[in-house]
Structure formats: structure tokens, C-alpha cells
Amino acid sequence: MWSGEWDIHWLDEVGSTNTSVRDRARQGAPEGLVVVADHQTAGRGRLDRRWESPPGANLLASVLLRPACGGGDVHLCAGAVALAGADACRQVAGVEPVLKWPNDLLLDGAKLAGVLSEAEFAGPSLTAVVVGIGINVAWPGPAEAGGTCLDDVRGSAQPVDRRVLLDHLLGALGPRLALLEEADGRAILADEVRRRCVTLAQQVQVILDGEELTGRAAAIDDAGQLVVETAAGPRAVSAGDVVHLRPDQGKGGVGGLG
Ligand code: BT5
């Protein structure tokens, strides 16, 4: 049961905030632990990729959740953090990021933030979910990644304060953790993810391990999988990189926008 208490540890430097929270989770730390770092020396993306950020530039945070839900609902933990991150960006910087499946935040098609969730099990039981989020505040990411950052797009005159951004993120996350505890609440959360996910109804290319699919992103199912209507029929994918194609692309065309 979510207690409403956050235990925030703000570090100068760490390898990866996700790894730090995972290690503490294995030692029995309670739900609500938050590790934030000014700098990560081994920041991680999905699929063993790197998450880059110069010291002091961006928000790099991981939270420990111990939700009373099953392993099949881990995607909603990541969704809850992505939605809370989007709310915080709106409240603090006056921008309205959208979700890109599975968990990126985009502004005008450019990546503003990424989410990495990692689950811990004891046998079949879910014991912990570590969800990390990197929100670009003052640095938009490596040039080749084509990302964006809040200080380049914000509506306000003042630079964004990472501590204020974190406060808003945690404030927006708390009520969603309560939703995770019950089936009705999880349905509400899943609907919110679908509503705010810009991938749906788009023509997409999904890059899987050793395979590429092209088609219309028709749905996000209850397991968090993206259902793509391909020429060969519907395919549900649980992991992969999505490229949003222009409407005239996707029938043999390549290249993407975001
Ligand atoms: C993600 O992976 O988007 C998940 C990123 C999660 C980062 C947070 S930071 C706090 C916590 N602790 C960690 O160690 N990780 C989490 P993925 O979709 O795989 O995107 C990674 C790719 O994005 C890289 O291969 C680069 O191309 C690009 N990239 C790297 N740094 C970026 C940045 N700051 N902004 C935009 N794109 C970036």
C-alpha cells in the first residue's frame, strides 16, 4: 500500500540511479525511495544503450515501487512515471509533452525524456519495480539523437529548476501509485496512457531484434503491447523501437520522423 512518503537521496554522482535503487531494493528498501543524481557515469537506456547527460544539466531520477499488482502490469508503473513526468513539464515549463510507445516523452516529435523500468521477482511474485526517468532540462542529448530540452522550449523566462521539476513529478506520481493498487485504477491508468500516446493511429515502423514491421499502430493492449496492423495481419509487440512514419510512408517506404 502506497504510504505517500518519498525518501529522496540526491547524489553528486552515481553509476546509474536505476542500478542504485535496484541494489537498495534487493536489500529491502521500502517503496518511495528516490535516487537522483547530478551526474551518471553509466546512465542506461533500454537494450543496453547509454543515457547521456553532462553533470548538473538534466533530471536523472529513479523511484522504487512495490505495487500490489502482477508482473503483467509493470508497463503501467513505467506509464505512471511517464505521465507524471509529462505533467511536471507542463506545470514547471508550460509545455505539453506526449507519450511515444513504449515510454518516451516527445515535444514536437523530438525526445525530451526517456523511461527505463526494471522489475524484480521472487519466484512468480513481483517484489519491486524500479522506474528511472531522464528529463532533458538544459541539454538536449547527443546531437545524433535529435532530442530537445526544457530550457530550449519553455514558455517561462526562468531556467527550469530540477528540484522543482522533481517535486512536481513526485506530486503527480503519488495519486497514480494509488491507482496501481486496484484493477479499476489500473484500467484508468491504462486509458490515460492510451489517451496521451501519440503513437496510436499512426503509421509506424517497429524495429525488433532481427525483424522490422510496418503498419498502423492500432491499439495498446492490456499487457502494454503495441498492436500493429501489418499487411500480414495484426502483430502485438512488447518491446522494440518505433519510428513514426509520415502518412505517405509505410507501404514499402522507409525513413521516419520521430
Ligand atoms: C530510454 O532508453 O529512453 C530510457 C532512458 C532512461 C534514462 C534514465 S536516467 C535515470 C535512470 N538511470 C538510468 O541509468 N537510466 C534511467 P532508449 O529508448 O534506449 O534511448 C536511448 C537512446 O537515446 C540512446 O541510444 C541515444 O541515441 C539517445 N539518448 C541518449 N541520451 C539522450 C538524451 N539525454 N536525450 C535524448 N536522447 C538521448
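How many cavities of 30 Å³ or more does a search of the whole structure find? I ran the search on this predicted model and noted one.

**Entry 1: the cavity**

I looked up the volume of the largest cavity and wrote down about 40 Å³. I then listed the residues that line the cavity: Ala61, Ser62, Val63, Val81, Val131, Ile133 and Leu169. I checked which elements give two or more residues to this lining, and found strand 3 (59-65) and strand 7 (125-135). Strand 3 supplies the largest share, three residues. I sorted the lining by class and got six nonpolar residues, one polar and no charged.

**Entry 2: helix 2 and helix 4**

Val81 and Leu169, noted above in the cavity lining, turn up again in the contact of helix 2 with helix 4, and I looked at this pair next. Helix 2 covers residues 74-93 and helix 4 covers residues 162-180. I read off that their axes come within 8 Å and cross at roughly 140°. Helix 2 is therefore oblique to helix 4; angles have to be over 145 degrees to count as roughly antiparallel. I recorded the crossing of helix 2 past helix 4 as right-handed.

**Entry 3: the contact residues**

From helix 2 I listed Leu76, Cys77, Ala80, Val81, Leu83, Ala84, Gly85, Asp87, Ala88, Cys89, Gln91 and Val92. In helix 4 they meet Val164, Leu165, His168, Leu169, Ala172, Leu173, Arg176 and Leu180. I sorted this contact by class as well, and it has 15 nonpolar, three polar and two charged residues.

Key:
Residues are numbered from 1 along each chain as its sequence is written. This is a predicted model: local features need pLDDT of at least 70, side-chain atom pairs count only at pLDDT 80 or more; totals for chains, interfaces and linings use all residues. Side-chain values use heavy atoms; hydrogens and water are left out. On a 1 Å grid over the protein atoms alone, a cavity is a set of points where a 1.4 Å probe fits but cannot get out, and a pocket is an open set with protein on both sides within 12 Å along at least five of seven lines; lining residues have an atom within 4 Å of a point. Grid points are joined across faces, edges and corners, and a volume is the space filled by probe spheres set on the points. Helices (H or I, at least four residues) and strands (E, at least two) are DSSP runs, numbered from the N terminus. Ala, Val, Leu, Ile, Met, Phe, Trp, Tyr, Cys and Pro count as nonpolar, Asp, Glu, Lys and Arg as charged, and the others, Gly among them, as polar. Axes are lines fitted to C-alpha atoms, for helices over the stretch in contact, and angles run from 0 to 180 degrees between N-to-C directions. Angles under 35 degrees count as roughly parallel, over 145 as roughly antiparallel, 65 to 115 as roughly perpendicular and the rest as oblique. A crossing is left-handed if the near helix is turned anticlockwise from the far one by less than a right angle, and right-handed if clockwise. Contact means heavy atoms within 4.5 Å.
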